[in-house]
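Subject: Structure handover

Hello,

Here is the structure I promised to pass on to you.

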Amino acid sequence: MEIPHNNELDVAIYQGGYGSGKTWSGALLGIMLARKYPGCRGLVGAATFTLVERTTLVKYFEHLEALGYESGKHYKYNKTKHLLQFKNGSEIYFMDLQDPEKFKSMDLHWAEIEEASQVGDSVIKGLLGRLRNTYRRPSWKNFRYRLFGHTNPQPNKDWIYERFVENKKDGYRLIIAPTTNNIHLPEHFVKELESAYDPEYFRINVLGEFGDYNSGLVVKGFTDDNLKTLKYCPEVPLHLTCDFNVDPMMWCIAHRDDESVYFIDEIVVENATTEVCMKEFMRRYPNKEQEIIINGDASGDNRSTQSEFTNYAIMRKLLRDNGYKNFKFHLRDYNPPILNRITAFNARVRSANGLVRLFVDKTKCKYLKKNIYNLKYKEGTTIIDAPTINQIKQDRDKKFLLHIFDAASYLVEYYWRIK
């Protein structure tokens, strides 16, 4: 409830286990803000309106009743607009957050997110952009814009982990709320959960801690040992490995030796052509004397035709026209099954005897890291859970999953094929 810093914006996540008072606390804070700042505007949202209506809104009405607020006298709720209006002029909108366009025109003082881990980072960015309402009253002492959410721990290293652990900014805070801290629960509650759950499930869903991020992930065993600050070396061959998806087009740039690969950079361009990405590569790496080895998607060669418009033919022409002479292509005749590429990639990440032979630059390879931390299998299968068109529409950041991993794994499988 209290803000322990002086920033104008407070962004807080209340992450807890079952029965840790997540929704209870969030709803109470929303009402407190509506009371403290007469005439303020807030938004309460979740991935679906059903979740808002059956969980969060119910808790709001319970609090209002407990506080002695009477419907029609102290507040009114408009079922059509899903709008809670207080006698003091404060308003709270309730809605789903699947489409950021729905709240794009709103100016807010605060926003609350139910089950925050179920919404994407693009939603968070959208809400942060809405916290700009300039209306104030003289009585608004120590006002701060607030974005607060409550959630169970995430099953992977998505936006909550990135924003509140890895890249934490001033004004951002994560509150871990174990179920065991709630002294109002029945005595048997936690004991029953402890006997019913395995240790890992108990640690996540009762103690509220972050989960085992290797569980269900495509890339296994990736740790801080694989993250380095890597340098570009003009005196050794430079590998460019490609996937030719148009939106986005995602390429990796690497060095390698006999045993290890070093991903030093990446090129990621939305709605791009091969020509656009190739020009970006030449802009970053203008050394025309360096040996360049091109790897990647075998289908980009389209060897059934001699067309000058195949992806690799375009790259070849651009390199020659711009004075690059020392380049060659290392490509398979056909793309290996993706499970073969995954196996080869994981063997470089960390071998069975603990050898680490795959390294990623910690600052320049943002999207490759995102894929390593978040690319998952569909539950109970060995099929990669690629985002659907609808999921991408709801969260545009999801379109950056899979393709750069494809690009990186083409290179790894080519040189270290598992036979």
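A residue is called buried here when its relative accessible area is under 20%. Please keep in mind that this is a predicted model.

H10 covers residues 366-374, and eight of its nine residues are buried, so the helix is largely enclosed by the rest of the structure. The buried residues of H10 are Tyr367, Leu368, Lys369, Lys370, Asn371, Ile372, Tyr373 and Asn374. You will see two lysines, Lys369 and Lys370, in that list.

Next, the aromatic rings. There are 24 aromatic pairs in the structure. One of them joins phenylalanine 281 to tyrosine 285: the pair is tilted, with 5.5 Å centre to centre and 35° between the planes. Both partners are buried by the cut-off above: phenylalanine 281 has a relative accessible area of 0%, and tyrosine 285 has one of 6%. Elsewhere, ring pairs connect Tyr37, Tyr135, Trp140, Phe143 and Tyr145 into a cluster. A charged side chain meets a ring too: arginine 256 lies over the face of tyrosine 415, with 3.7 Å to the ring centre.

Now to the cavities. How many cavities of 30 Å³ or more does the count give? It comes to two.

The largest cavity holds about 60 Å³ of space. Its lining is made up of Asn295, Gly296, Ala298, His330, Leu331, Arg332, Asn335, Pro336, Tyr410, Glu413 and Tyr414. Strand E13 (292-296) and helix H12 (403-415) each provide at least two of the lining residues, and H12 gives the most, with three. Sorted by class, this lining has five nonpolar, four polar and two charged residues.

The second largest cavity holds about 40 Å³ of space. Around it are Val11, Ala12, Ile13, Ile113, Ile124, Leu147, Phe148, Gly149, Trp159 and Phe164. Strand E1 (9-16), strand E7 (145-151) and helix H4 (159-166) are the elements that give two or more residues to this lining. By class, the lining of the second largest cavity divides into nine nonpolar residues, one polar and no charged. For the largest cavity, by contrast, the lining includes two charged residues.

I hope this helps you find your way around.

Best wishes

Definitions and conventions
Residues numbered from 1 in each chain as written. Predicted model: local features only at pLDDT ≥ 70, side-chain atom pairs only at ≥ 80, totals over all residues. Heavy atoms only, no water. Phe/Tyr/Trp six-rings, centres within 6.5 Å; stacked < 30°, edge-to-face > 60°. Buried < 20%, exposed > 50% of the residue type's maximum accessible area, 1.4 Å probe, protein only. Lys NZ or Arg CZ within 6 Å of the ring centre and 35° of its normal. Helix = DSSP H or I, 4+ residues; strand = E, 2+ residues; numbered from the N terminus. 1 Å grid on protein atoms, 1.4 Å probe; cavity = no way out; pocket = protein on both sides within 12 Å on 5 of 7 lines; lining within 4 Å. Points joined across faces, edges and corners; volume = space filled by probe spheres on them. Nonpolar A, V, L, I, M, F, W, Y, C, P; charged D, E, K, R; others polar.
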